[in-house]
Amino acid sequence: MNSIPASSVRRSRDDSARGVESLLWLAAGAAWAIVAIKAWSQSKKVEARRKTFSVSDRLLQQVFPNGIRH
């Protein structure tokens with residue numbers, strides 16, 4: 001008949017389920033880390049763009065102190 005006791009089969013399934021659950025938590029953590037890194041990167045791009053515009057506005061004010069009239 002069956003040489004593997006039922007308790008060891010059950011224990012193997014429990015270990016397998018825990019392993020799958022651990023992998024799912026790991027995958028969820030990695031996904032959140034990717035989202036956080038992309039959001040941080042986007043905020044840095046916006047900050048750099050804002051600095052670039054402030055520098056260009058300052059230079060334009062020096063070249064055209066009265067503004068540019070069309």
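Modeller: Let us start with Val 63, which is found in helix α1, residues 6-63 (helices are DSSP runs of H or I, at least four residues, and strands are runs of E, at least two, numbered from the N terminus). This is a predicted model, in which local features need pLDDT of at least 70 and side-chain atom pairs pLDDT 80 or more, while totals use all residues. Residues are numbered from 1 along each chain, and side-chain values use heavy atoms, without hydrogens and water.

The protein chain has one helix and zero strands, and 0% of its 70 residues count as buried (under 20% relative accessible area with a 1.4 Å probe, protein chains only; exposed is over 50%, partly exposed in between). Val 63 counts as exposed because its relative accessibility is 57%, and together with Leu 60, Phe 64 and Ile 68 this residue forms a nonpolar surface patch of about 380 Å² of accessible area.

Elsewhere in helix α1, Asp 15 and Arg 18 lie three residues apart, about one turn of the helix, and they form a salt bridge (Lys or Arg side-chain nitrogen within 4 Å of an Asp or Glu carboxyl oxygen) whose closest N and O atoms are 3.2 Å apart. Asp 15 is partly exposed at 44%, whereas Arg 18, at 52%, is exposed.

Further along, Lys 44, Glu 47 and Lys 51 are linked in a network of salt bridges: the closest N and O atoms are 3.9 Å apart between Glu 47 and Lys 44, and 3.7 Å apart between Glu 47 and Lys 51. Glu 47 is partly exposed at 34%, as is Lys 44 at 37%, while Lys 51 counts as exposed at 52%.

Terms used:
Patch = residues over 30% accessible without salt bridge, like charges linked within 9 Å, V, L, I, M, F, W, Y side chains within 5 Å. Areas by Shrake-Rupley, 256 points an atom, 1.4 Å probe, with all protein chains shown as cover.
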